[in-house]
Amino acid sequence: MILPIKFPSGDIIEAGINVRPYARECLEELSREFELIVFTASHSCYGSVVLDYLDPHRKLIQYRLYRDSCVSTPEGLFVKDLRVIANRDLKDLVLVDNAAYSFSYQVENGIPIIPFYNSKNDTELRSLVGYLKSLSNVKDVRQVNLETFRFKTYLACSSPEEIQSKLFS
């Protein structure tokens with residue numbers, strides 16, 4: 001898919017995007033049960049065009065947050081601090097991302113997802129929908145995430161080797 005991106009300078013480029021299979025269906029299904037907020041590290045000039053493609057009538061995604069809402073680290077990473085989402089309790093928020101550092105300020109709110117490399121056989125979003133629906137009536141999504149993704153194990157380890165040892169031995 002090729003989309004025109006207009007930069008603040010006025011320059012327009014044609015950008016290629018890869019839309020993950022079931023992206024729109026996932027948004028449609030989840031928007032019936034949840035408030036959807038997209039929090040991306042992309043600049044708004046790019047992110048808005050992609051989100052407009054996915055949600056052209058702006059009925060699925062209630063709010064959009066872009067790079068200017070992220071915290072920039074000295075290493076040049078963009079971390080998504082969920083506290084910027086006003087009037088929402090962290091016990092009710094999740095952040096789905098393929099880069100775990102993105103949710104490093106609230107690890108227990110994070111849901112890791114594998115990166116997408118343009119495979120038409122990718123079913124990650126179908127699995128994600130099922131997991132998110134399972135969270136719809138829990139008191140605190142953080143507790144479920146901690147148990148499901150075993151984040152406490154990661155936090156207690158000092159190296160990738162130690163993590164592997166504890167998780168898989």
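Modeller: Helices (H or I, at least four residues) and strands (E, at least two) are DSSP runs, numbered from the N terminus. This model is predicted: local features need pLDDT of at least 70, side-chain atom pairs pLDDT 80 or more, while totals for chains, interfaces and linings use all residues. Numbering starts from 1 along each chain as its sequence is written, and side-chain values use heavy atoms, without hydrogens and water.

Biologist: Which helix gives the largest share of the lining of the second largest pocket?

Modeller: A pocket is an open set of 1 Å grid points where a 1.4 Å probe fits, with protein on both sides within 12 Å along at least five of seven lines; lining residues have an atom within 4 Å of a point. Here helix H5 (residues 151-155) leads with three residues. The lining includes Phe151, Tyr154 and Leu155, along with Ala100, Tyr101, Phe103 and Pro112.

Biologist: How many salt bridges does a search of the whole structure find?

Modeller: Ten, each a Lys or Arg side-chain nitrogen within 4 Å of an Asp or Glu carboxyl oxygen. Arg88 pairs with Glu35 at 2.8 Å, N to O. These partners sit 53 residues apart: Arg88 in the loop between strands E6 and E7, Glu35 in the loop between H1 and E3. Glu29, Glu33 and Lys133 form a salt-bridge network.

Biologist: Is Asp81 buried or exposed?

Modeller: Buried means under 20% relative accessible area, exposed over 50%, partly exposed in between (1.4 Å probe, protein chains only). Asp81 is buried, at 7%. Its salt-bridge partner, at 2.6 Å, is Arg83. Arg83 is exposed, at 58%.

Biologist: What about Arg58 and Asp52?

Modeller: Their side chains meet in a salt bridge at 3.3 Å, N to O. Arg58 is exposed at 52%; Asp52 is partly exposed at 31%.

Biologist: Which residues of helix H2 (residues 44-54) are buried?

Modeller: Cys45, Gly47, Ser48, Val50, Leu51 and Leu54.
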